[in-house]
Amino acid sequence: LRQSVGRTVTFLRNESPDYLFVANSVTLIALFAKWLSCSNVRIITSHHYFPSVETNTWLDRWLVFKSYNLCHKVIAISHGISDLLKRKGVKNHKIIPIYNPINVHEIVQYSQEKIDVASEPYVLFVGRLAEVKNIKLLIDSVCYLHVNKRIPISLIIVGDGPERGKLEAYANGLG
């Protein structure tokens with residue numbers, strides 16, 4: 001991201017956009033580029049995750065949340081994210097909730113499908129199959145319990161996404 005500051009400054013000077021949409025920690029880069037370019041661009045950022053120790057340092061998280069008050073608006077993708085932003089000090093008038101769309105028809109259709117569930121206990125994951133969800137760790141964990149601890153447990157994954165093929169191959173490889 002640091003390498004993108006110069007290009008962003010050049011873009012802001014040459015194109016003079018009214019708005020610049022960014023997300024999460026990229027906000028810091030956009031604000032810095034705005035300052036360096038002396039641009040009047042309005043920055044709109046969106047926040048998509050709950051911070052954790054694994055994602056970045058406390059300083060990074062603190063800077064991100066503080067920078068949001070320098071933006072024109074902050075898009076929150078859920079009630080939970082909106083509440084988090086308020087708790088972290090983002091001014092209420094800056095926050096705009098725009099929720100992730102949900103295809104209710106598709107959910108109802110899939111809910112009618114019968115799935116075979118083993119009689120043993122199981123772990124259920126429902127969501128998008130993307131690398132950011134770290135489903136591989138979930139597969140490893142259930143495999144560890146099943147193989148090493150001899151706990152009869154199954155894993156049911158409901159969802160689709162770019163990682164589906166890789167996850168199926170990985171799980172099949174584990175047996």
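Reader: Which residue forms a salt bridge with glutamate 168, and how far apart are the closest N and O atoms?

Author: In this model, which is a predicted one, a salt bridge requires a side-chain nitrogen of Lys or Arg within 4 Å of a carboxyl oxygen of Asp or Glu. Glutamate 168 and arginine 164 are four residues apart in helix H7, so about one helical turn separates them. The partner of glutamate 168 is arginine 164, and the closest N and O atoms are 3.0 Å apart.

Reader: Are glutamate 168 and arginine 164 buried, partly exposed or exposed?

Author: Buried means under 20% relative accessible area and exposed means over 50%, with partly exposed in between. Glutamate 168 has 41% relative accessibility and therefore counts as partly exposed. Arginine 164 has a relative accessible area of 37%, so this residue too is partly exposed.

Reader: Which residues are linked with Arg164 in a network of salt bridges?

Author: The pair of glutamate 168 and arginine 164 has already been described as a salt bridge. That pair belongs to a network of salt bridges in which Arg164 is linked with Glu168 and Asp160.

Reader: What is the distance between N and O in the salt bridge of lysine 136 and aspartate 140, and how many residues apart are the two in helix H6?

Author: Lysine 136 is partly exposed, with a relative accessible area of 41%, and aspartate 140, at 27% relative accessibility, counts as partly exposed as well. Because they are four residues apart in helix H6, about one helical turn lies between lysine 136 and aspartate 140. Their side chains meet in a salt bridge with an N to O distance of 3.8 Å, and their spacing in helix H6 is four residues.

Reader: With which residue does lysine 166 form a salt bridge, and is that residue, glutamate 163, buried or exposed?

Author: Lysine 166 forms its salt bridge with glutamate 163, the closest N and O atoms being 3.8 Å apart. Lysine 166 has a relative accessible area of 58% and is therefore exposed. Glutamate 163 has 15% relative accessibility, which is under the 20% cut-off, so glutamate 163 counts as buried.

Reader: How many salt bridges does a search of the whole structure find?

Author: The bridges described so far include that of lysine 136 with aspartate 140 and that of lysine 166 with glutamate 163. When the whole structure is searched, the number of salt bridges found is four.

Reader: What is the volume of the largest pocket, and which element gives the most to its lining?

Author: The largest pocket has a volume of about 2,000 Å³. Of its 44 lining residues, Gly127, Leu129, Ile157, Val158 and Gly159 are the closest to the centre. Elements that give two or more residues to the lining are H5, strand S5 (122-126), helix H6 (135-147), strand S6 (154-158) and helix H7 (164-174). The one that gives the most, with six residues, is H7.

Reader: How is the lining of the largest pocket divided by class?

Author: The division covers the 44 residues that line the largest pocket. By class, they comprise 24 nonpolar, 13 polar and seven charged residues.

Reader: Which residues form a nonpolar patch on the surface, and what is their accessible area together?

Author: One member, isoleucine 102, is in the loop between strand S4 (95-97) and helix H5 (104-111). Isoleucine 102 has 61% relative accessibility and so counts as exposed. The patch is formed by Ile102, Val104, Ile107 and Val108, and together their accessible area is about 390 Å².

Reader: Where is arginine 150 found, and what is its phi?

Author: Most residues other than glycine have a negative phi. Arginine 150 has its place in the loop between H6 and S6, and it is exposed, with a relative accessible area of 70%. Although arginine 150 is not a glycine, its phi is positive, at about 55°.

Reader: What is the phi of serine 16?

Author: Serine 16 lies in the loop between helix H1 (5-15) and strand S1 (19-23), and with a relative accessible area of 49% it is partly exposed. The phi of serine 16 is a positive value in a residue other than glycine, near 45°.

Conventions
Residues are numbered from 1 along each chain as its sequence is written. This is a predicted model: local features need pLDDT of at least 70, side-chain atom pairs count only at pLDDT 80 or more; totals for chains, interfaces and linings use all residues. Side-chain values use heavy atoms; hydrogens and water are left out. Patches are made of residues with over 30% relative accessible area and no salt bridge: like charges are joined within 9 Å, nonpolar side chains (Val, Leu, Ile, Met, Phe, Trp, Tyr) within 5 Å. Accessible areas come from the Shrake-Rupley method with a 1.4 Å probe; for residues, only the protein chains shown count as cover. Buried means under 20% relative accessible area, exposed over 50%, partly exposed in between (1.4 Å probe, protein chains only). On a 1 Å grid over the protein atoms alone, a cavity is a set of points where a 1.4 Å probe fits but cannot get out, and a pocket is an open set with protein on both sides within 12 Å along at least five of seven lines; lining residues have an atom within 4 Å of a point. Grid points are joined across faces, edges and corners, and a volume is the space filled by probe spheres set on the points. Ala, Val, Leu, Ile, Met, Phe, Trp, Tyr, Cys and Pro count as nonpolar, Asp, Glu, Lys and Arg as charged, and the others, Gly among them, as polar.
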